[in-house]
Amino acid sequence: MQDNIFNVEKVVNFNDNAEIFIGCSSFEERCLGTIKKFSPEYHYLKAFIFIYNKPDPKREEHTRIIFDILSKKGPFEPIPASETDPLLSIKFLIQELKSILIVHKKITLSIDITTFTKKHLLLLLNYLDKNDLFNSTRIFYTEPKTYTTNLYLPMSFGILPIYTVTGFVTTQSLNKRNLLAIFLGYEGDRASALVNNFEPNETVLIIPDPPYHPEWRGRTEEMNKNLIEIIGKDKVESIDSLNPHKILKTMKSLFGKKGKYNLEKYHCSISPLGTKPQALGLYLFWRQYRGKFSIVYAPPYMHNESFYSKGIGRTWQLLSPS
Amino acid sequence: MKKAFITYSHKDAEFVDRLVQDLETPSVSVTLDKRILKPGDSLTKIFEEIGNSDFLLPVLSINSVEAKWVKKELETALIKEIDEDNFKVIPIIKDNEDWEELKKKIPTGLREMIRPKFLARFDSKSYEECLPDLIGALTPEEEFAKEHAKIQSPNADNPFRRVRTENFESIQILANSFARPESGRYDKIIEIKPTRLEGGRGSGKTMILKSMTAQVGVYRLHKRTFKETNLPYYGVYCRLTQGSFATQAGNILDHITESQANLLFITEFNFQLVNSLIDEIYSCTDRRIFDISSKEETEVCQLIGRQIYSGQGTNNTINNFLDLKAAIQNELGILNDYLSRKILGETGNYPGVFINKDKLRTICKTIITNISDLNGKTIYFLLDEYENLLPFQKIVVNTFVKWSEQGYFSIKFSSKKTGFKNPQTLERQEIEEGHDYSRIDLDYDLSKAVHRTNYRNLLLEICQKTLKNEGFRETNIEKVLETKSPFSGYESDIVEMYNQILEKQHKGNYASLGKLQQQEIKKRLEIGALYRVLAKKHKKRHYSGFEDLMTLSSGIIRYFLELCGTSYYYAIQDNVDVKNGKQIKSQHQSDAVYALSGYYLYNIRKNLVQYGADIHRLVIDSGDIFRAKILNHLTEPEAARISIIDPHNLSDGTHEKITKILDLAEMHSVMQTFVGIGGIRPKHKSDVQPSEYILNRIYSPILEYSPRCRWRTPFSTSDLEGLINPEAREVIKYNLIQKVSPIPKKSRIIKSGKKSQKKLFPSDTVSGD
């Protein structure tokens with residue numbers, strides 16, 4: 001796999017393989033980011049669009065726009081998905097892909113991960129991997145133009161039960177020291193609640209650096225300042241917010257054999273509360289350190305409706321097929 | 001929710017309107033004159049509104065300092081602030097003002113009263129910089145959260161910073177800090193018979209389990225090797241966290257049958273136990289606590305390898321611990337992969353090795369027999385956080401409890417309260433308390449004299465060790481904490497209050513009563529009278545001294561340590577040299593009590609999974625009801641026991657939500673219940689639930705009722721359900737208050753400074769508030 005990421009102005013076919021496009025509709029406008037950048041020459045065999053089942057007028061509007069664009073490109077299929085349990089929808093997709101593979105021996109999957117939930121993304125990547133499709137995948141991601149964060153209001157309230165993402169379980173023994181690593185986002189209370197419920201021996205807090213936009217520098221630290229104070233500034237590490245290859249590299253340096261938090265010494269759980277590309281980078285890390293840590297998640301009980309992304313920012317190709 | 005009233009000049013409306021929009025949060029509601037005054041209303045309504053608020057925010061500008069009404073409102077509010085502990089004035093200096101010039105226009109008296117106060121300086125800071133300061137002042141719990149973070153920081157110079165076992169940086173520090181519970185309790189924990197440790201968060205479950213590991217044992221008993229300790233057991237600590245088991249992830253039972261799940265989990269569990277056992281042995285040899293020759297290691301590992309792979313036809317060469325661990329992890333990986341595929345609907349037989357209970361026994365026997373340092377011992381698997389397991393996994397662990405046997409292994413497991421609901425085993429038997437295992441409740445019931453004494457002694461020992469380890473001159477915590485009676489200064493008011501109560505009871509005058517009768521009155525009504533006097537004077541109760549902090553900790557060690565830690569923090573902020581023998585002043589302790597009380601209450605919403613907001617509401621409302629009782633009831637003022645009159649309704653499935661909420665509240669020590677109070681803890685989900693709960697006493701300061709829970713307040717399950725229903729809450733609460741303290745409508749709510757209001761209760765704007 002190539003290590004660079006590319007700013008995408010126009011989406012074109014990567015190679016001559018049969019192209020499959022996979023996206024996800026959302027109330028966030030940036031779910032249209034990649035699709036709106038399809039070049040006239042871009043063509044696919046089939047497109048699949050995941051649609052989460054929580055009713056939302058903005059999601060419905062964006063879905064209509066997506067369908068409108070795709071209808072001019074080729075066949076597409078909506079896949080209803082549950083935010084809390086997307087496995088069924090993934091199962092459907094895998095079966096469809098297997099059918100396609102019977103006819104077309106080589107395919108390229110182009111996935112726009114922008115508005116997938118992190119759980120959904122991790123599960124999907126894992127199952128593509130198990131079916132030898134990961135190396136045929138390229139991944140797009142569109143940044144938000146801005147977030148309407150209010151530094152004085154919580155982004156979400158409370159948490160739902162913590163769970164391990166299916167398939168991402170550690171085989172480390174139970175008597176090792178517990179290490180919890182959290183990719184921090186803007187939901188400080190959620191990260192704190194995770195630490196309070198988990199009660200690890202050690203915690204590592206991972207800040208996205210550099211942020212997507214320079215003017216956002218310091219926001220994550222501000223939103224998590226109490227937690228950082230409790231855990232200690234010496235336990236804060238920085239990781240790229242966008243490039244999954246850099247994220248992988250930093251993860252290896254932190255958690256690899258020679259790292260400060262050598263996974264061999266811990267019963268480690270990692271929680272991706274940060275950016276989507278960080279979740280992708282985490283998956284790349286999982287591929288190389290399978291079973292050495294688990295991935296845990298704590299969904300918020302309730303989102304603060306004022307917090308979400310606005311507009312469509314830059315689109316990136318984060319991963320290219322090998 | 002707090003209420004803030006803004007007083008300002010209408011010429012500054014643009015600034016104020018923006019401020020109001022930004023200040024209104026789930027924690028704070030803001031009132032202005034234009035919001036409350038209707039045409040024809042008297043302006044005195046504004047003073048009423050100030051009286052009903054928690055904060056006055058005067059916006060000071062060149063326009064407002066010259067306005068008569070603003071000055072009047074400010075004056076009234078500043079005097080009210082002196083009289084009442086719970087009311088605050090926070091002056092706001094408007095942007096683009098010259099504060100030095102403004103000050104000259106404020107009357108001298110007012111200016112002097114404002115001088116020492118916190119000011120929100122929009123004149124000298126940008127709006128974005130100043131707003132968080134102001135919000136912080138309005139939400140002291142948020143501000144205290146920042147302080148709490150500093151107190152808990154690993155770099156904090158606070159002897160009480162290690163409130164969780166996980167905070168101990170090394171085994172040696174942990175061992176040096178460990179204090180054994182009373183011998184009757186601890187002996188039962190360490191005996192061969194399996195043990196179930198039950199207790200709230202912070203009660204010491206993990207500490208006790210870890211005390212039984214070889215490494216801690218060696219340090220604790222001041223020996224050099226495990227052999228020298230002569231312990232009859234070899235403890236292996238296993239924490240059952242999320243992410244430990246593949247059979248825990250996903251809705252596994254939607255994809256495989258329960259018997260298949262059991263088989264896989266038995267295998268997974270066994271492998272993890274052996275994995276942990278090997279790691280523990282490895283660790284001990286590394287630290288030279290153990291002595292194993294390479295020959296012993298090879299023999300043991302080859303034997304175990306054959307035991308695991310017997311009949312599999314696999315050629316696995318396992319010659320040392322590293323090989324053994326690699327093989328186990330490989331098997332666990334196979335299991336994880338198999339389950340992932342199964343969940344996605346892929347078929348196929350399980351390609352890994354199954355390992356059942358007999359193999360675990362055999363493996364344990366092999367290790368005990370072939371490692372000379374372990375000859376004659378029993379392996380204790382010390383399982384922490386049993387409550388994290390799924391129901392079918394718990395049944396498997398129960399089965400292992402039943403299979404425990406001397407000379408092989410025994411299971412010691414801990415769970416939070418309500419984490420153990422089903423005693424079933426795989427063989428459809430039940431593990432029986434007493435016969436199959438001992439149950440130890442680590443929470444201390446402070447209403448029982450014996451418990452109180454034992455808890456007291458334990459706290460004294462923990463603090464003595466802590467302070468000694470940190471080099472403190474005085475290590476007796478009772479002497480470190482200054483004590484001041486809460487009655488101090490109110491003695492004559494209290495006697496007057498007795499007279500008022502006696503008059504209502506038609507029992508004459510206190511002074512005319514005999515000594516015995518006076519003692520009886522005091523015993524029954526002293527605290528109630530104190531609260532009534534304090535309410536009249538708008539003062540808060542003072543808390544200090546070892547006994548007060550012990551009571552407020554509700555019999556849970558962590559709370560006591562946090563109270564001490566926060567008190568210490570305030571003391572050193574005031575330059576008190578506690579380390580060299582100075583006492584922590586009573587005021588520092590009282591401040592710490594209120595800060596922590598508010599912080600813990602506030603955190604219920606944030607930290608409790610799923611029902612945090614409901615539990616937060618329930619606690620506040622219960623507190624209001626207890627407060628009404630303490631302020632009004634003639635004979636049973638300290639009635640902070642929630643007594644459920646129809647507990648069978650909690651088990652019949654019709655009141656599922658409230659049952660879950662009570663369970664969760666108990667699990668997280670928001671509420672407590674004890675054996676012998678309202679029934680024994682039920683063994684089965686369908687058994688009658690406990691009928692009596694006590695709110696964690698840590699909430700009593702902020703909710704202003706007595707932490708001593710002498711009498712009961714009855715609730716029905718419908719009442720409790722009503723209190724968690726935002727639609728019905730107000731009416732239910734009113735009715736309950738009427739039941740416990742029938743008072744005339746007009747004087748229904750005695751102004752406590754916390755939630756005084758004209759209408760009954762502020763309505764929720766966001767769930768949880």
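These questions and answers walk through some local features of a predicted model.

The model is predicted, so local features need pLDDT of at least 70, side-chain atom pairs count only at pLDDT 80 or more, and totals for chains, interfaces and linings use all residues. Residues are numbered from 1 along each chain as its sequence is written, chains are lettered from A and ligands numbered from 1 in the order written, and side-chain values use heavy atoms, leaving out hydrogens and water.

User: Are helix 19 and helix 24 of chain B roughly parallel or oblique to each other?
Analyst: Helices are DSSP runs (H or I, at least four residues), strands are E runs of at least two, and both are numbered from the N terminus. Axes are lines fitted to C-alpha atoms, for helices over the stretch in contact, with angles from 0 to 180 degrees between N-to-C directions. Here the axes come within 11 Å and cross at roughly 50°. Under 35 degrees is roughly parallel, over 145 roughly antiparallel, 65 to 115 roughly perpendicular and the rest oblique, so helix 19 of chain B is oblique to helix 24 of chain B.

User: How many nonpolar residues does the contact of helix 19 with helix 24 of chain B have?
Analyst: Contact means heavy atoms within 4.5 Å. Helix 19 of chain B brings B:Tyr455, B:Leu458, B:Leu459, B:Ile462 and B:Cys463, while helix 24 of chain B brings B:Ile557, B:Phe560 and B:Leu561. Ala, Val, Leu, Ile, Met, Phe, Trp, Tyr, Cys and Pro count as nonpolar, Asp, Glu, Lys and Arg as charged, and the others, Gly among them, as polar. The contact has no polar and no charged residues; its nonpolar count is 8.

User: Is B:Glu166 buried or exposed?
Analyst: B:Glu166 sits in the loop between helix 8 (140-152) and helix 9 (171-177) of chain B. Not counting residues up to four places away in sequence, B:Glu166 touches A:Glu199, A:Pro200, A:Asn201, B:Thr206 and B:Arg239. Buried means under 20% relative accessible area, exposed over 50%, and partly exposed in between (1.4 Å probe, protein chains only). At 7%, B:Glu166 is buried.

User: What is the relative accessible area of A:Asp132?
Analyst: A:Asp132 lies in the loop between helix 3 (118-130) and strand 6 (137-142) of chain A. Its phi is positive, about 55°, although A:Asp132 is not a glycine. A:Asp132 is exposed, with a relative accessible area of 67%.
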